[in-house]
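Student: Hi! Could you walk me through this structure? I'd like to start with how the strands pair up.

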Amino acid sequence: MNPGKSDSAATGDASAMAAERPVFDATITPHRSLGQNGFRIVMTLVCLSSVVSSIPFVVLGAWPVAGFFGLDVAALFIAFHVNFRHARAFERVIVTPLEVLLRKVSHHGREAVWRFNPAWTKLERQEDEDYGLLRLSLVSRGQSVAVAGALSPHEREGFADALGAALASARRGPDYGAA
């Protein structure tokens, strides 16, 4: 017991903290199979093979071919650079007993935030029997927002199950006994 607070004030603080404690917190980022070290290795091998392949053309006097090999390397570098920039995008979903927060940040850094009441929020699924879960949306009061677009259909299914369980738990309210 705190000397300056009554038991009811301490209980109120604990229940407020329990109501704000996340039931579910997930960050979704696009999958990239090639990391920075792999990128360095690939670019080194491409540069070396371009230099080795262009040497015979330069020796034979067809030196412009070496420039085209350089353009290929530059185009590949630009493609990887764009790919890595797009990997900075993410979605964050936080479910508490008081709100569902969806935060989407694009690869440009633009942020969009949606807040829903968990009591009125449901998951809408668009499924295909061959491919699985194609689209997952949070729907509340006529507003629909797609979520987990960066996941594969199988991963999206697992995410939907976990998010659905979190929404059900949030609707029940905070667990005051755990605080």
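Tutor: Happy to! Keep in mind that this is a predicted model.

Student: How many bridges do S6 and S7 pair over?

Tutor: Five bridges, and the two strands pair in the antiparallel sense.

Student: Which order do the strands of the open sheet come in?

Tutor: The order is S5-S6-S7, three strands with antiparallel pairing. Strand S5 (122-128) and S7 each have a single partner strand, so they stand at the edges, with one side of each left without a neighbour in the sheet.

Student: And what does the twist average from one strand to the next?

Tutor: It averages 30°.

Student: New topic! How many residues are in the largest nonpolar core?

Tutor: It has 22 residues. Among those with the most contacts inside it are Phe24, Val93, Val95 and Leu163. Elements giving two or more residues to this core include strand S1 (24-28), strand S2 (90-95), strand S3 (100-105) and helix H4 (153-172).

Student: Which element gives the most?

Tutor: That's H4, with six residues.

Student: You mentioned Val95. What is valine 95 in contact with, leaving aside its neighbours within four places in sequence?

Tutor: Its contacts are Pro22, Val23, Phe24, Val100, Leu163, Ala166, Leu167 and Ala170.

Note on methods: Residues are numbered from 1 along each chain as its sequence is written. This is a predicted model: local features need pLDDT of at least 70, side-chain atom pairs count only at pLDDT 80 or more; totals for chains, interfaces and linings use all residues. Side-chain values use heavy atoms; hydrogens and water are left out. A nonpolar core is a set of buried Ala, Val, Leu, Ile, Met, Phe, Trp, Tyr and Cys residues joined through side-chain atoms within 4.5 Å. Buried means under 20% relative accessible area, exposed over 50%, partly exposed in between (1.4 Å probe, protein chains only). Helices (H or I, at least four residues) and strands (E, at least two) are DSSP runs, numbered from the N terminus. Contact means heavy atoms within 4.5 Å. Two strands pair if DSSP finds at least two bridges between them. Axes are lines fitted to C-alpha atoms, for helices over the stretch in contact, and angles run from 0 to 180 degrees between N-to-C directions.
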